[in-house]
Amino acid sequence: MSAVAPILAIDRLRIEYPLADGGVLTAVEGATLSIAPGEIHALVGESGAGKTTIGNAVLGLLEKPGRIASGTIALDGQPFDPQRPGAVRLGRDIGAVFQDPMTSLNPLFTIESQIVETLRAHLPLDRSAARARALELLKAVGIPEPERRLSAYPHQLSGGQRQRVVIACALACEPRLLVADEPTTALDVSIQAQILDLLRGLADERGIGILLVTHNMGVVAQIADTVTIMHRGHIVESGPVAQVLRNPQADYAKALIGAVPRIDIRLDRFPMLDGANQTEAGAARDQLRAKALAVGDPSSGRDVPLLSVDNLSVDYGAGFLAGRGARAFRAVDGVSFEIRQGEVFGLVGESGCGKTTIANVVAGLRAPTGGTIRFDGQVIAGAEAAPRKGKARRAIQMIFQDPYSSLNARMRVGRILAEPILFYELARTRAEAEADVGLLIEAVGLPAEAAQRFPHAFSGGQRQRLSIARALGARPRLIVCDEPTSSLDVSVQAQILNLLKDLRDATGLTLLLISHDLAVIRQMCDRVAVMRAGRIVEMAAAETLFTAPQADYTRQLLSLVPTLERIRGEV
Amino acid sequence: MAASLSRRLRRVPLSVWLAGLMAVVIVAAAALAPLIAPFDPTDLTSFNLIDAELPPRFSPDGDPRFLLGTDNQGRDLLSAMLYGARVSILIGGGAVMVAAVVGVGLGLIAGYFGGWVDAAIMRFGDIILSFPTILLALLVAGVARMLFPAASSAEWAPFILIGAIAIHEWVQYARTVRAATMVESARDYVRAVKVIGLPSRQIMLRHILPNVMGPVLVIATINLAAAVLTEATLSFLGVGMPPTYPSLGTLIRIGNEFVFSGVWWIALFPALLLVLLVLGVNIVGDWLRDLFNPKLRGRG
Amino acid sequence: MLRLLLARLGQAALVMLAVSAVSFGMFRFVGDPVAALSRENATIAEKAELREQLGLDRPVVVQFGSFLSRIVRGDFGISFRNQRPVATLIAERLPATLELVLVATLLSLALGIPLGVLCALKPDGVAARLVQAVSLIGISTPTFVTGIVLILTFAVTLGLLPSFGRGETVQIGPWSTGLLTLSGLKALILPSITLALYQLTLIMRLVRSELIDVLSSDYIRFARARGLSARHIHFTLALRNALMPVITVTGLQIGSLIAFAIVTETVFQWPGMGLLFIQAVSFSDVPVMAAYLLFVGLLFVLINTAVDLLYALVDPRLRVRA
């Protein structure tokens, strides 16, 4: 690597944010890395690690009042100040690709005008030459029917196509370096695979250096040559991908890589660096189990599945006053499955496949258009069932995706957790309810004084624990988990998934787990249904599904998902 | 969020302090008018036509009894202004309260239930909004006077005015609260209590309402300024408060008739007080709006 | 596009129906048309005859129907106050109001947009702070106070400009214009400034906040990352996005300017529809009030529909949904 002069060389970079109170927040400290021609260098870390800050610094797009306090950034051996570019020009020498292709393009201008304006800002081209070049670029990034797309507006393209246009803009002036900040995070697995292939091709064929900022270890394994792991503003480990991922040296790197869910084998638990707060929580969990049994739900000894979904269908946009002549959209189309007592059942699929709609119907947030749902033999949703009201809902509770919105910011945690207990009359007095809340908080591994605080005092992972505690407070028999960890950092995800496993073991709960992440499903579920466009394409025991998938779609998904196990060049 | 808000509150700019102080002083002076005004302008025995149109004390022909001069009936202008500001603020505040209560209620219902309830409320609001405030208020006030002659009396006119202003303003609250309610309803904490099965009323009042009140306070502040202006305009046009119980707008209307004869103070002093009051409220409202607008955070 | 057109026309028709219902309600139930139209000492029999003549004995729905058919034919009845056809009265006053509103709109756009851009691009500059401060005073000053201050300054004290009326007008067919004579133009200056001032501040503040929003968007960040010049980003890209809502608001503004003209016309004794209306209100001249309402309602609906369609033409996201 040292034989070739690096395209990008960052040396001991320090980035600071002056605070209003006169202090200084150091976002990045002593960061050094370099990128050779044709190299894809992944910068990974959890939120707040400083990886995006480095990307923005190279692009001269640091959010005010952030500034480069010391250190240098050099392109092709030439140091430059990204805020005041001289010889090095943003857009010509360095291209950028951002996370969300839906908002990166100006909705009021055509694709052509957005590419052409970039070209003409840097190169002496007339309009027709620029247009010809734009057409070439669209071909190069693999847009079908490029002539027609030139005159299209961004909203007429799909997300994947838009990201290709964004890449075309970034490539317009043949930059030496591309900074790609989470370029595939907003995309589905199959589109992600195409965009990653495109980026890899650009590096291999044109010798462009790519700084790839990402949180996804699978993406790193699939396309990067080199990886740099960051933690709280510092680089903790850097080196060739295979070496770092297979054999990390730093403690944090080990923990981070250990926390990534594996898709190849099922582990009993995620390995944790600190096995804290496990023992004392055990007693609380036993008590919870006793309390849950004391509710006296009808015995589950009968030979019926706990939940049985039969020919379920859900339409959106139908009905009176839908407006704009919208035709009904069938989100769920004739879906049937059963969940047995004590089982973890997974529903997996890409966005828009209908899995969240099913979660909403099962939890009673939405009425089905057709079909029936039985819970413990009783019809709870369907054409002939009255909508469940009030206390009848107790047995099915839900955990949500976004920990930052799942707790009411204006209520103390104690009151949030007590609400279902009091509403279902599971405690005779307020004091009894408070005791229950204490038990719940302990069972999810938080300190007892948490009850006195407001939600904003807690981190994302802690909030998700509270969300789980609220669901448990109702002493439910089934918990619907809708993407419970997809907005969490990977190490926190591992903790939450461990917690769910432990609680399931301790209380005998049944879980319906909705996720887009095949690896999470593999680690958690006993049986899995794969969904596509509102239908179930394959349903099997988890082991069978992952080792011997039957449906083409399942096989395709499994082959496309970037995973830690498949490191580039090794397979 | 709450922490950062309180930190921002501590960094209130000087101009906002001054503006708030100005508004508070005017409101306090108006509230205490019966105690601090030199005369009682509603007491017919306290003034004399002989004193009419006396200029302010500091001008050459000023009368020491009347600091800001007298109006066309010989009333002390300062006293009339203090009492007038009282009327203006009460009507403006009343209109804001009525509009806020109706608007927040309907907005919550429309946003929470959606469907045809939402469509009906919002289409009705659209129709109301397709008329400017002033035209609608003029119509309501004008028609009320034709139907009930008593409507122009000092006792009934304030209520007619409150209704005439609020009939337009509630839509703004309803739109804002509806939009915020739809956002909040889709958020997971509301979905969580829906899964629990709490009754709708409890979800709306206990969970959603506290989370949508921020923008409502901003609108209420800005609308207070607007409502005071609308009342002044109606009174200026002659469909508001009667001259026997004048608001600031009525005083300006009276003064307007004398502007050409060089008697400028009857119109100008009440106008100045009105502008200062509204300006103070607007500056505070403007700052509040920027405070609650996340997109403007951290900007100058 | 066609669907949008139909939806808009449907909504417009609904609004017009509501307006005519209110207008009819005023006509029919506010004040007593029989008392207003008959001699003072008319007998009961004469009144009953008049009732029948006016159709007041028929069901309300039928009356509403005939009311609608009359207004469609342009028959708005006779003014109680000066016993002339209301349609003629309005036609006489229309040009004065429309010329005033037109000039005021142009004025507020021509000044409001550049000032808004200035405030958004250099929010901490001296000029922007000054403009911001003045604009706050602007929205805090009622139209009639602005008018009175302008009259006191430029008419009473300095004697430069006329304080009331339209000056000399030139008759072009049915349209009487004040734009072609010097005294007409001079007479227009103070009223149009008065009317424009409030709207100017609204447009300025809207442009400012929209532009600030747009400048913090992802696509502007991406435009910066492509190395485009600040000039190009601000004036070609961002301004276009920021002006989209201005189109809608300007449409609404024209509508509210027509209504606000009531106040301006009162202050300046401008012989337009607004003055006609406010006189009708103080004399309980119901036919004029009802006709004014219908007429202004129609203007609003036409302008708003036109603006919505214009918006759909300008915004590609709506244009292509056809």
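Contact here means heavy atoms within 4.5 Å.

**Ground rules.** I'm looking at a predicted model, where local features need pLDDT of at least 70 and side-chain atom pairs count only at pLDDT 80 or more, while totals for chains, interfaces and linings use all residues. Residues are numbered from 1 along each chain as its sequence is written, chains are lettered from A and ligands numbered from 1 in the order in which they are written, and side-chain values use heavy atoms, with hydrogens and water left out.

**Chain B by itself.** I looked up the elements and found 11 helices and zero strands in chain B. Helices (H or I, at least four residues) and strands (E, at least two) are DSSP runs, numbered from the N terminus. The C-alpha trace of chain B spans about 75 × 50 × 30 Å along its principal axes.

Next I went for salt bridges (a side-chain nitrogen of Lys or Arg within 4 Å of a carboxyl oxygen of Asp or Glu). The whole structure has 39 of these salt bridges over all chains. One I noted joins Asp118(B) to Arg178(B), with the closest N and O atoms 2.5 Å apart. Asp118(B) sits in helix α5 of chain B and Arg178(B) in helix α7 (residues 157–186) of chain B, so this pair ties together parts that are 60 residues apart in sequence.

**B against C.** How many residues does each chain bring to this contact? I get 40 residues from chain B and 47 residues from chain C. The buried area between them is about 3800 Å², and carbon and sulfur atoms give 80% of that. Buried area is the accessible area (1.4 Å probe) that two parts lose on being put together, summed over both.

I find one salt bridge between chain B and chain C: Arg205(C) pairs with Asp286(B), with 2.3 Å between the closest N and O atoms. On the chain B side, α11(B) gives the most, with 12 residues. By class, that side has 28 nonpolar, six polar and six charged residues. For the classes, Ala, Val, Leu, Ile, Met, Phe, Trp, Tyr, Cys and Pro count as nonpolar, Asp, Glu, Lys and Arg as charged, and the others, Gly among them, as polar.

**A against B.** Here 28 residues of chain A meet 21 residues of chain B. About 2000 Å² is buried between the two chains, with 59% from carbon and sulfur atoms. Which side chains make the salt bridge? Arg206(B) and Glu419(A) do, at 2.8 Å, N to O. On the chain A side, α12 (355–363), β16 (396–399) and α13 (413–423) each supply at least two residues. The largest share, four residues, comes from α13(A). I sorted the chain A side into 13 nonpolar, eight polar and seven charged residues.

**Two helices in C.** Last stop: α5 (residues 86–121) and α11 (residues 273–282) of chain C, whose axes come within 7 Å and cross at roughly 130°. Axes are lines fitted to C-alpha atoms, for helices over the stretch in contact, and angles run from 0 to 180 degrees between N-to-C directions. α5(C) and α11(C) are therefore oblique to each other; angles under 35 degrees count as roughly parallel, over 145 as roughly antiparallel, 65 to 115 as roughly perpendicular and the rest as oblique. Among the residues of α5(C) that meet α11(C) are Leu89(C), Ile90(C) and Arg93(C), and the α11(C) residues include Met273(C) and Leu276(C).
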